[in-house]
Amino acid sequence: MQNEIERKFYVREMPNMSGIAPLHYERHILKNEGNIEERISKINEKYFYERKELLSSLERTREKKEISAEEFDTLKKVAPDALVRDRYDISENPKISIQVYRGKYEGLMRAEVEFTSVEEAENFVPLPWMGVEMTTLPISRDATLLELSDEEFASYL
């Protein structure tokens, strides 16, 4: 289990991502109750189960393990609604990625910045291409994004 400290921002203007190959995600949320989230993801040709527990608006714990394609196919029957997105990892220090959503959530582009401490997260100055912070909004997490009505989703774009 590891701790994850993140802030999330709208993407105001796409930075230069030439030469960065995306990771293709298909994600299904199995559970989103209280501070606990369980999900499965197909990332390119690998499959994962994750369990996250929200500790604060910036920090959560994360367990992640690889599963088989068969386990993924069985579990996704419990949660048929899928999020489809591409992730572009654009820097390592700090770790910054851009999520570009497809399908039902087309138009959402989110920058995620991971930190090694809460202090580092609090002192981070957003880059010029980043828009308004969305860390505490329902649109910032895949589990809560799935719970939004079409009208609610549109209001956050």
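In this predicted model, a search of the whole structure identifies four aromatic pairs.

**Aromatic pairs**

The rings of Phe9 and Phe124 have centres 6.1 Å apart and planes at 50°, so this pair is classed as tilted; an angle over 60 degrees would be needed for edge-to-face, and one under 30 degrees for stacked. Phe9 and Phe124 are both buried.

For Tyr105 and Phe153, the ring centres are 5.1 Å apart and the planes stand at 80°, so the pair is edge-to-face. Tyr105 is located in the loop between β7 (95–102) and β8 (109–115), and Phe153 in helix α4 (residues 150–156), so the pair ties together parts that are 48 residues apart in sequence. Tyr105 and Phe153 are each buried.

**Aromatic cluster**

Phe9 and Phe124 also belong to one aromatic cluster, together with Phe115.

**Charges over rings**

A lysine and an arginine are placed over aromatic rings, as listed here.

| Charged residue | Ring | Distance to ring centre |
|---|---|---|
| Lys64 | Phe48 | 4.6 Å |
| Arg85 | Tyr25 | 4.3 Å |

The charged end of Lys64 sits over the ring of Phe48, while Arg85 lies over the face of Tyr25.

Notes. Residues numbered from 1 in each chain as written. Predicted model: local features only at pLDDT ≥ 70, side-chain atom pairs only at ≥ 80, totals over all residues. Heavy atoms only, no water. Phe/Tyr/Trp six-rings, centres within 6.5 Å; stacked < 30°, edge-to-face > 60°. Buried < 20%, exposed > 50% of the residue type's maximum accessible area, 1.4 Å probe, protein only. Helix = DSSP H or I, 4+ residues; strand = E, 2+ residues; numbered from the N terminus. Lys NZ or Arg CZ within 6 Å of the ring centre and 35° of its normal.
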